[in-house]
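Hi,

Here is the structure I promised to pass on. Have a look at it first, and then read my notes below, which go through what turned up.

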Amino acid sequence: MSSLSPTQSYNQEGVDGHIIPTDQNVLQKHVAFFDRNHDGLVYPWETFQGFRAIGSGILLSSVAAFFINFSLSRSTRPGKFPSLLFPIEVNNVQRAKHGSDSGVYDTEGRFVPLKFEEIFGKHARTHPNSLTSDELMEMLKANRVPKDYGGWLASWTEWKVLYILCKDNNGLLQKEKVKAAYDGTLFEQMEMERSLAKKNAVV
């Protein structure tokens, strides 16, 4: 049974007849990529499949699947008995928003442009539209809330994975990549690029 809100629109048919809501906030869109069957729930094996689809190795995909689902599942299922399958409810993912983050998502999962621009305005000193590895680490330290160890770990993991997957040949994390990660379009782009590369390799 889908966990999607009855207030959402249902005018787009997805995989296997499942209905995909068209008015998700950007945080929901960010997570919905990993909902591989579009039923409103993301299970660990779907997180694994999603990471593999964007080019992550088996080890990284496995660790990410465990960490993400174990960390987020309970927060996105308020009032429900904990599940050993650790599903994440896409419609409630904003409930799992952690501390010590950039603030680019507000408490409702909406994109905050000013906070996004602050990332580069404050920390991109070498190049105005990209972050080096050192600048990224400095940003994470600046965002830390005292004694918020869970938030520290979550932020470090999210940004480190993004950097590993999306840095360019010069070791820079470009602004457009970060923006795409936040607005929910990056993963689809990466999956499409990887699919095309596979097809070209066969040809």
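**Aromatic residues**

F111 is partly exposed, with 22% of relative accessible area. Before going further, please keep in mind that this is a predicted model. F111 forms an aromatic pair with F116, and the pair is tilted: the ring centres are 5.7 Å apart and the planes stand at 45°.

How many aromatic pairs does the structure hold? The count is 14. Another of them is F66 with F70, a stacked pair with 5.4 Å from centre to centre and 10° between the planes. These two residues are 4 apart in helix 3 (residues 58-72), so about one helical turn separates F66 from F70. F66 is exposed, with a relative accessible area of 56%, while F70 is partly exposed at 49%. The cut-off matters here: exposed means over 50%, so F70 falls in the class below.

Two arginines also turn up over aromatic rings. R36 lies over the face of F33, at 4.8 Å from the ring centre. R144 has its charged end over the ring of W152, 4.7 Å from the centre.

**The chain as a whole**

If you want to find your way around, start with the layout. The protein chain has 8 helices and 6 strands. Reading from the N terminus, the order is β-β-α-β-α-α-β-α-β-α-α-β-α-α. The chain has 203 residues, and 42% of them count as buried. Taking contacts between residues at least 6 apart in sequence, 48% join residues at least 24 apart.

**The core**

Next, the nonpolar side of things. The largest nonpolar core has 37 residues, and those with the most contacts inside it are I119, W159, L162, V178, Y182 and L186. Which elements give two or more residues to this core? They are helix 1 (26-32), helix 2 (44-53), helix 4, helix 5, helix 6 (149-166), helix 7 (175-183) and helix 8 (186-202). Helix 6 provides the largest share, 5 residues. Because domain 1 (22-96) and domain 2 (112-202) both give residues to the core, it lies between them.

Leaving aside neighbours within four places in sequence, L186 is in contact with L162, C166, K177, A180 and A181.

**Salt bridges**

Side chains of opposite charge can pair when their charged atoms come close. A search of the whole structure finds 9 salt bridges. One of them joins E89 to K80, with N and O 2.6 Å apart. Is E89 buried or exposed? E89 is buried, with a relative accessible area of 4%, whereas K80 is partly exposed at 43%.

R110 and D106 also meet through their side chains in a salt bridge, at 2.8 Å from N to O. A further one links K115 and E118, where the closest N and O atoms are 3.8 Å apart. K115 and E118 both lie in helix 4 (residues 113-123), 3 residues apart, or about one turn of the helix. K115 counts as partly exposed at 34% relative accessibility, and E118 is partly exposed too, with 26%. Some salt bridges share partners, and in this way R77, K80 and E89 are joined into one network.

**One threonine in a loop**

Last, a look at T132. This residue lies in the loop between strand 5 (130-131) and helix 5 (133-143). Buried means under 20% relative accessible area, so T132, at 18%, counts as buried. Which residues does T132 touch, not counting those up to four places away in sequence? They are T126, Y163, G171 and L172.

That is what I have for now.

Notes:
Residues numbered from 1 in each chain as written. Predicted model: local features only at pLDDT ≥ 70, side-chain atom pairs only at ≥ 80, totals over all residues. Heavy atoms only, no water. Buried < 20%, exposed > 50% of the residue type's maximum accessible area, 1.4 Å probe, protein only. Contact = heavy atoms within 4.5 Å. Phe/Tyr/Trp six-rings, centres within 6.5 Å; stacked < 30°, edge-to-face > 60°. Lys NZ or Arg CZ within 6 Å of the ring centre and 35° of its normal. Salt bridge = Lys/Arg side-chain N within 4 Å of Asp/Glu carboxyl O. Core = buried A, V, L, I, M, F, W, Y, C linked by side-chain atoms within 4.5 Å. Domains from an automatic or database assignment.
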